[in-house]
Amino acid sequence: MGLRTFIEGWPVYRQLTGTDPLGRGAAAKSDVSRALTARTDTADSVARSVCPYCAVGCGQRVFVKDGRVSQIEGDPDSPISRGRLCPKGSASKSLVTSPLRQTTVRYRRPYSTQWEDLELDTALDMIADRILAAREQTWEDVDTQGRPLNRTLGISSLGGATLDNEENYLIKKLFTAMGALQIENQARI
Amino acid sequence: MAEAHPVGFQWVMEAKRKGAKVFHVDPRFTRTSAVADEYVPIRAGTDIALLGGVVRYILDNELDFREYVLAYTNAATIVSEEFSDTEDGDGFFSGFDPETGTYVQDSWQYEGHEGSSGSGHTAQERDSAAGLTHESHGAPVGGQTRRDETLQHPRCVYQILKRHFSRYTPEMVERVCGISQAQFLELARAWTANSGRNRTGMLIYSVGWTQHSVGVQYIRTGAIIQLLLGNMGRPGGGVMALRGHASIQGSTDIPTLFNLLPGYLPMPHHAEHPSFDEWVDSIRHPGQKGFWGNARSFAASLLKAYWGDAATPENDFCYGYLPRLTGDHGTYQQVLNMIDGKIKGYFLLGQNPAVGSAHGRAQRLGMANLDWLVVRDLFMIESATFWQNGPEVTTGEIVPEECRTEVFFLPAASHVEKEGTFTQTQRLLQWREKAVEPPGDARSELWFFYHLGHKLREKLADSPLPRDRALLDLTWDYPTHGPHAEPSAEAVLREINGYDVATGRPLSGFAEARADGSTAIGCWIYSGVYADGVNQAARRRSRHEQDWVAAEWGWAWPANRRILYNRASADPDGNPWSERKRYVWWDAEKSEWTGYDVPDFEKTKPPSYRPPAGASGPEGIAGDDPFVMQGDGKGWLYAPSGVLDGPLPTHYEPVESPVRNPLYGQQANPTRKMYAHPVNSVNPSPPQEHAQVFPYVFTVSRLTEHHTAGAMSRTVSPLAELQPEMFVEVSPALAGEVGLTHLGWAHLVSGRAVIEAKVLVTDRLTPLRVDGRIIHQVWLPYHFGFEGLVTGDSANDLFGISLDPNVLIQESKVGTCDVRPGRRPIGPALLELVADYQRRAGIVPGQHAPAVTTDDEGKEHGAS
């Protein structure tokens with residue numbers, strides 16, 4: 001190592017001679033941190049997304065490596081958020097990768113004290129049967145004066161407000177077509 | 001705002017840096033208060049008294065923006081001589097019907113239009129939350145009105161307003177709200193100073209404002225101030241609702257609400273809307289002015305989107321397929337019906353009512369009495385495990401071996417595992433790209449409902465029953481992709497946008513909607529989001545590459561318009577009010593409206609346009625009437641219809657209050673929705689006896705580190721670590737009075753429940769002097785429940801069920817309770833404690849407080 005290299009290795013030298021007189025940026029960088037690579041640099045792909053928490057609508061960039069979310073950062077291009085995220089938005093990688101997430105269907109029989117496993121398609125089929133049965137049991141064609149009702153009051157739904165517009169559209173469309181009108185949302189609450 | 005919408009708050013700080021004065025009105029000192037110029041503590045539930053004080057201050061000192069008020073509001077319009085004000089009725093307007101607890105609104109109308117209120121069924125309008133249908137347009141009103149441009153006529157709106165708020169003096173604000181006169185005057189001066197040609201002021205509220213028995217009227221009062229000061233439709237002005245969830249705006253625009261269809265079209269009512277024509281006419285009001293006159297096209301296009309080839313002009317586009325309302329089918333009525341065994345099955349889609357809805361015990365008891373429950377969520381939430389881990393299991397009210405509810409838990413896809421749009425708080429749609437596949441069995445709601453629909457149709461394929469036609473004729477043919485046959489969200493967005501039926505061409509906007517079945521539109525107000533076959537919501541032009549309006553980032557409804565009613569940013573002649581506030585203006589050379597934003601006006605209608613006599617629809621709107629969705633083109637200081645609890649806001653006490661209403665004999669909103677059900681109760685308030693059993697006011701709100709019912713934060717380790725415990729904030733004075741120790745335990749008791757919390761003794765809570773006595777308020781976060789990484793009792797358990805009459809939203813921002821030191825009892829002893837309080841307070845389950853209290857000293861009459 002030459003003398004010059006040795007001296008340039010001192011942060012204080014870089015601080016005095018370089019563009020970082022306060023020593024809070026490049027001047028203070030060690031060899032170790034210089035050798036590090038950001039997860040965002042090595043990502044396979046980036047999806048442009050929106051924070052799922054409050055309604056400000058901060059832009060997110062979702063970085064993916066090997067089919068898994070490796071980092072979520074604020075989108076600096078967004079005129080709404082200018083790259084910022086709050087504590088919840090910053091934690092959204094932990095949200096989507098949380099080990100507590102349920103990834104399989106769970107089923108509790110009437111009067112049971114425990115959960116059991118169930119195939120997804122079986123669950124879907126059982127739910128469809130129960131919808132049809134509830135309609136059958138509670139269907140109302142007309143009111144007492146013969147005016148149309150076309151409905152069931154035997155089925156209810158309450159949705160969160162983190163559902164996409166496209167999802168809400170299909171939810172309302174399908175429930176309306178099956179005659180279920182007790183369809184509600186967090187927006188009422 | 002710094003707590004619950006931190007990133008949005010950066011713009012408040014920007015404004016402050018540029019000289020704006022920031023006021024923060026809140027019962028509790030928060031991170032927002034810390035950086036505001038002025039923190040104004042307020043007694044929870046008294047905002048109309050404060051804002052009404054500002055209205056009076058404006059009118060008394062003639063500080064309104066007179067040119068704007070005269071030209072753009074209904075200040076000069078003369079009201080019927082049959083109208084009488086709350087000043088004459090001890091808190092009642094004319095037209096109250098004690099039988100139903102609602103108003104007949106005929107006497108509230110403009111002069112000469114007494115018969116045209118379109119009401120007379122206000123009890124039914126309350127049950128169907130009819131106020132919600134006005135989110136995209138005004139209520140019906142006669143367009144040809146008598147006016148007094150001098151504002152001197154005793155029955156013109158300006159004079160009525162003046163009289164209505166004449167007693168909302170600084171002294172009265174102090175007496176009701178606990179805000180000092182000096183502080184009130186400072187707020188009023190600053191607000192009114194930001195008015196006129198050169199200046200605007202902004203009102204920001206979070207939707208806790210909606211969670212009151214007078215929630216809609218809170219917002220009305222804010223709107224009155226902003227209209228008087230000329231702050232609507234102008235840059236830097238407005239009433240900004242900070243909504244609390246990523247797409248809660250979208251959830252009302254494309255509603256999953258019982259009383260609405262997409263684009264604020266009402267769900268049909270069995271008696272009011274027996275035919276398609278009657279349904280459509282109830283929306284467009286034939287002969288009425290304004291853009292709602294095109295409702296027939298929007299309605300026909302929606303039914304065409306639903307039922308495709310089966311929907312024809314000859315069969316009224318399958319109007320007969322729509323289910324009909326007969327009354328209140330809202331979420332709280334549903335829960336009571338569950339307890340009564342009337343509901344078979346319940347879907348919870350990313351929602352956790354066991355923690356997030358008022359009266360948690362009622363929610364859990366309701367869910368424990370179903371045939372089946374489907375929970376779709378990311379995490380195992382309290383609403384899925386109530387039968388196993390809920391507090392009622394401890395008290396013995398729910399026994400797993402005796403609980404009949406069959407529960408399906410289906411894991412959901414997260415926001416990065418599916419594509420689609422959220423509509424954020426300023427009506428802006430932003431498309432999210434999909435980053436990764438959902439894990440395991442996790443699926444999007446789009447996937448679940450699409451495939452559920454196919455299952456149902458397969459099972460019914462051979463059904464001869466008429467009732468199954470609506471399912472079998474439904475257009476349900478979205479393209480799918482990927483290993484799980486995920487339906488295309490973009491194809492759904494295209495249907496929402498609308499298309500020409502013959503060619504499939506996406507429509508460019510709702511002006512292309514037709515009533516003859518040639519267009520199909522899933523949600524008319526969103527039409528244009530897929531114009532030119534381009535997903536406009538996916539636009540991401542960097543803020544560095546466009547102007548400050550940023551019109552090429554996402555897409556805002558309607559028509560990518562960023563400020564509604566922006567015609568008002570120009571003066572009646574079409575010129576900017578000032579250079580500083582230039583936004584949208586009339587270009588006389590080109591004979592068109594132009595500006596930084598999409599003009600909210602017919603592009604080539606000149607400011608000088610005057611409608612021919614008898615004109616209706618958009619034609620009836622003059623060139624200087626900016627409020628184009630209103631029947632008279634004016635901003636409404638006074639609402640002759642559409643608001644069920646009065647044409648003007650009036651201070652009523654919260655349903656539960658330790659204070660007798662200082663302004664009127666009428667204590668609380670007489671039109672509020674009440675439920676006399678054995679599980680429900682209301683703590684007594686004056687003039688009833690025993691109010692002192694629950695002497696303290698409690699209010700709830702959010703922590704920065706948690707989200708709503710906690711499913712998306714108590715399960716996330718960094719957030720759980722930041723806020724690990726349920727707590728209650730109390731003032732040092734109250735801690736001394738009750739005997740609470742900092743970091744010790746307290747329990748809080750209402751007529752519904754008892755919960756416990758760690759004690760945080762802090763100056764952030766201020767005891768307030770109200771009507772000559774000290775009122776203590778306590779504050780709780782409402783995020784906690786019994787599942788997740790961090791757990792605690794649920795604050796919402798303390799609330800009963802009382803609703804705003806316009807929108808059926810519950811009062812869950814203020815209630816009364818008792819506060820006691822130490823931990824709560826467990827098991828059956830817990831129920832005994834609540835029962836003891838009920839006995840002492842004279843609460844009889846199943847009975848609610850008298851609605852009418854003007855009969856002095858609590859003698860009850862009216863509803864019981």
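I started with burial in chain A: buried residues make up 45% of its 189 residues (buried means 20 or more other C-beta atoms within 10 Å of a residue's own, with C-beta atoms placed from the backbone).

Housekeeping: this is a predicted model, where local features need pLDDT of at least 70, side-chain atom pairs count only at pLDDT 80 or more, and totals for chains, interfaces and linings use all residues. Residues are numbered from 1 along each chain as its sequence is written, and chains are lettered from A in the order in which they are written.

Next, the overall form of chain A. I get a radius of gyration of 28 Å, whereas a compact globule of 189 residues would be near 16 Å (taken over C-alpha atoms; the globule rule is 2.2 Å times the number of residues to the power 0.38). Its C-alpha atoms fill a box of roughly 100 × 40 × 30 Å along the principal axes. I also noted 8 helices and 8 strands in chain A (DSSP runs: H or I of at least four residues, E of at least two, numbered from the N terminus).

Then I went to the interface. I find 130 residues of chain B in contact with 100 residues of chain A (contact: C-beta atoms, placed from the backbone, within 7 Å). Helix α19 (residues 445–460) of chain B gives the largest share of chain B's side, 10 residues.

Strand β4 (residues 106–108) of chain A pairs with strand β11 (residues 406–411) of chain B, antiparallel, over 3 bridges (pairing needs at least two DSSP bridges). There I see Y107(A) opposite F408(B).

Notes: Contact = placed C-beta atoms within 7 Å. Buried ≥ 20, exposed ≤ 12 C-beta atoms within 10 Å, placed from the backbone.
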